[in-house]
Amino acid sequence: TRGPACEPFLVSALGQVLEATGDKSKSVKDAADCASRSIAEMMSPFAVEAVLPALLSGLSVKAKPAHKEATLRLIQGLAEKAPASIGHVLVTLTMPVAELTCDIKKDVKEAATSCMTAICNCTGNKDLEPFLPFVVKAAQTITNTHECVEKLAGCIFVQNVESPALAAMLPVLSRGLNDKVEEVKRTCCLIVDNMCKVVEDPAAVIPIMSRLEPLVKAACEKMSNPEARNMAERALKTLHKSAE
């Protein structure tokens with residue numbers, strides 16, 4: 001039986017079905033992969049938040065490679081099917097997906113890169129669109145992060161910046177603000193300042209505040225270059241103001 005009547009039961013079982021994609025038996029693995037994709041195809045976009053724990057479990061360090069790959073493919077499919085719903089939970093998904101773009105398993109790494117591309121396309125921000133390929137590349141190596149930060153510094157934000165756009169920037173900004181090179185940190189602070197200036201709704205900033213604020217604050221305290229430190233202080237003020 002298929003349809004809305006069975007959806008609650010299938011959605012609640014998705015975590016166990018996805019976990020079975022890591023089974024040693026090929027027949028079990030293939031059946032689980034097929035079943036998980038079928039559940040994702042039939043479920044309502046409003047169910048994305050309900051399956052978030054199952055998705056995060058599949059992205060965790062403890063998950064088997066096949067389980068990770070199946071989860072990444074599933075998220076990619078959901079991003080293409082329901083971009084607004086994935087955009088709503090992007091603040092939770094971007095960091096674990098970005099981390100898997102550096103996975104030692106080739107199949108997981110490729111799936112994560114495709115998934116990162118798909119979820120970044122859920123930001124709904126036209127100003128960011130030309131820079132999203134660099135954001136995806138930045139997740140893979142520190143060299144790419146430097147290049148992406150430099151590119152993003154030239155992005156002129158006109159459209160209202162909402163939570164999904166800020167969430168998509170978290171992996172890049174987290175790496176950049178933790179970088180040893182002060183110029184990279186300064187440029188990240190400039191990006192934060194530019195983005196937060198065009199935030200219209202404080203609710204957009206609140207979900208990322210706990211992750212971003214400590215990094216910008218640390219830049220204020222640790223950078224020795226006065227000009228770079230001033231930029232960090234300005235970014236911190238703009239960040240706080242956007243959340244008021």
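Between domain 1 and domain 2 of this predicted model, 5 residue pairs are in polar contact, both partners having pLDDT 80 or more. Salt bridges between domain 1 and domain 2 number 0. On the side of domain 1 that touches domain 2, the elements contributing two or more residues are α6 (90-100) and α7 (106-120). Of these, α6 supplies the largest share, 6 residues.

The two partners are domain 1, spanning 1-122, and domain 2, spanning 123-243. Their C-alpha centres lie 28 Å apart. Contact involves 16 residues of domain 1 and 17 residues of domain 2. The size of an interface is often expressed as the accessible area lost when the parts come together. Here the area buried between domain 1 and domain 2 is about 1,300 Å², and carbon and sulfur atoms give 70% of it. Within domain 1, the residues losing the most area to domain 2 are Val91, Met95 and Cys120, which together account for 41% of what that side buries.

The cysteines form a second topic. The structure holds 0 disulfides. For Cys148, the nearest cysteine sulfur belongs to Cys188 and is 8.7 Å away. Cys148 counts as buried because its relative accessibility is 0%, the cut-off for that class being under 20%. In the case of Cys220, the closest cysteine sulfur is that of Cys189, at 6.4 Å, which is too far for a bond, because a disulfide requires the two sulfur atoms to be within 2.5 Å. Cys220 has 11% relative accessibility and therefore also counts as buried.

How values were computed: Residues are numbered from 1 along each chain as its sequence is written. This is a predicted model: local features need pLDDT of at least 70, side-chain atom pairs count only at pLDDT 80 or more; totals for chains, interfaces and linings use all residues. Side-chain values use heavy atoms; hydrogens and water are left out. Buried means under 20% relative accessible area, exposed over 50%, partly exposed in between (1.4 Å probe, protein chains only). Domain bounds come from an automatic or database domain assignment. Contact means heavy atoms within 4.5 Å. Buried area is the accessible area (1.4 Å probe) that two parts lose on being put together, summed over both. A salt bridge is a side-chain nitrogen of Lys or Arg within 4 Å of a carboxyl oxygen of Asp or Glu. A polar contact is a pair of N or O atoms within 3.5 Å; within protein, one must be able to donate a hydrogen and the other to accept it, and residues adjacent in sequence count only if both atoms are side-chain atoms. Helices (H or I, at least four residues) and strands (E, at least two) are DSSP runs, numbered from the N terminus.
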